[in-house]
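Student: I would like to take a close look at a single part of this model, and then hear how it sits among its surroundings.

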Amino acid sequence: MVGKQVWQRKSVCTFKYRKRSTGFVRLASIILIMAGIVAWALALEGAKNPAAKTGEETSARRLDFEVVKDYPHDPGAFLQGLVWYERCLYESTGLYGQSTLRRVDLPTGRILKSISLSSELFGEGLAVVGDRLIQLTWKSKLGFVYDRESFALLRRFTYDTEGWGLTCDGKMLIMSDGSSNLTYVDPVTFSPVRKLAVTMNGHPVDNLNELEFIEGSIWSNVWQTNLILCIDPGTGRANSYLDLRGILPDKMRTGREDVLNGIAYEAREKRIFVSGKLWPRIFEIRVK
Ligand SMILES: [Ca+2]
């Protein structure tokens, strides 16, 4: 009998403990689920809008712009690199079996000269350094140096990463590889000189792509977005950005991979050109 009472008391205590314990577990679960939902919402917002303030770094400023003019562009050009020299644009286009290096006239958009890459190569970033054109390829880790006028191949070089965007700050090449790092590369030896980690609002920004050095700032479009970041070469911080959403009208879109992927700068008249993969237009923009 005594034993039964003890058992009953123990049993009641255990039941109460279990009840309290179950309540605590339920509350903790709810808190965890709520925290998960908030974290997921923040991550989603961050993915949609890297400009959202998420860290201690000063929030990047959105720059207003206007389209000054637009020009025809070969809608078959899978644009990967765009650069201006004197009166022409130079383009590197991608896709296996379709990659080219070309010189394009403005305002007509006419292709003045074009050479094809071997079918196993996928053209990527392009920069002008003096009388040479430097072109990257995507996964082949192989770059080319051409005579700017004749497009004669002068030499090849290699690198350790994927090749994405390329520009020149007047002294060094700056290269992107799809990560949040940019690499400074010696334009003569093609040796990497230093890495620049790029952040926006305190966070690394992946998928840095086509580049252009404009008035002391590295402009980089972020692959598969309408964003162009304006990066301080000293700190790696994107202090400002442009959102080019809607610049290419929906009716001109192919629905394929027609994302923003070209930035060029004409320094004399301070003109900025942007375009994208398979875009039928090149847009000249002015930052307000
Ligand atoms: Ca460029």
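Student: Leaving aside its neighbours within four places in sequence, with which residues is Leu-89 in contact?

Tutor: Before the answer, note that residues are numbered from 1 along each chain as its sequence is written. This is a predicted model, in which local features need pLDDT of at least 70 and side-chain atom pairs count only at pLDDT 80 or more, while totals for chains, interfaces and linings use all residues. With neighbours within four places in sequence set aside, Leu-89 is in contact with Leu-82, Trp-84, Val-104, Leu-106, Ala-264 and Phe-273, where contact requires that the C-beta atoms of two residues, placed from the backbone, lie within 7 Å. Leu-89 also belongs to the largest nonpolar core, which has 54 residues, and is listed with Leu-166, Leu-229, Ala-238, Tyr-241 and Phe-273 among those with the most contacts inside that core. Such a core is a set of buried Ala, Val, Leu, Ile, Met, Phe, Trp, Tyr and Cys residues joined through C-beta atoms within 7 Å; a residue is buried if 20 or more other C-beta atoms lie within 10 Å of its own, exposed if 12 or fewer, and partly exposed in between, with C-beta atoms placed from the backbone. The element that gives the most to this core is strand β19 (residues 227–231), with 5 residues, strands (E, at least two residues) being DSSP runs numbered from the N terminus.

Elsewhere, β7-β8-β9-β10 is the order of an open sheet of 4 strands with antiparallel pairing, pairing meaning that DSSP finds at least two bridges between two strands. Because β7 (123–129) and β10 (153–158) stand at the edges with a single partner strand each, one side of each is left without a neighbour in the sheet. Within this sheet, β8 (residues 132–137) and β9 (residues 142–147) are joined by 5 bridges, and Gln-135 stands opposite Phe-144 in β9.
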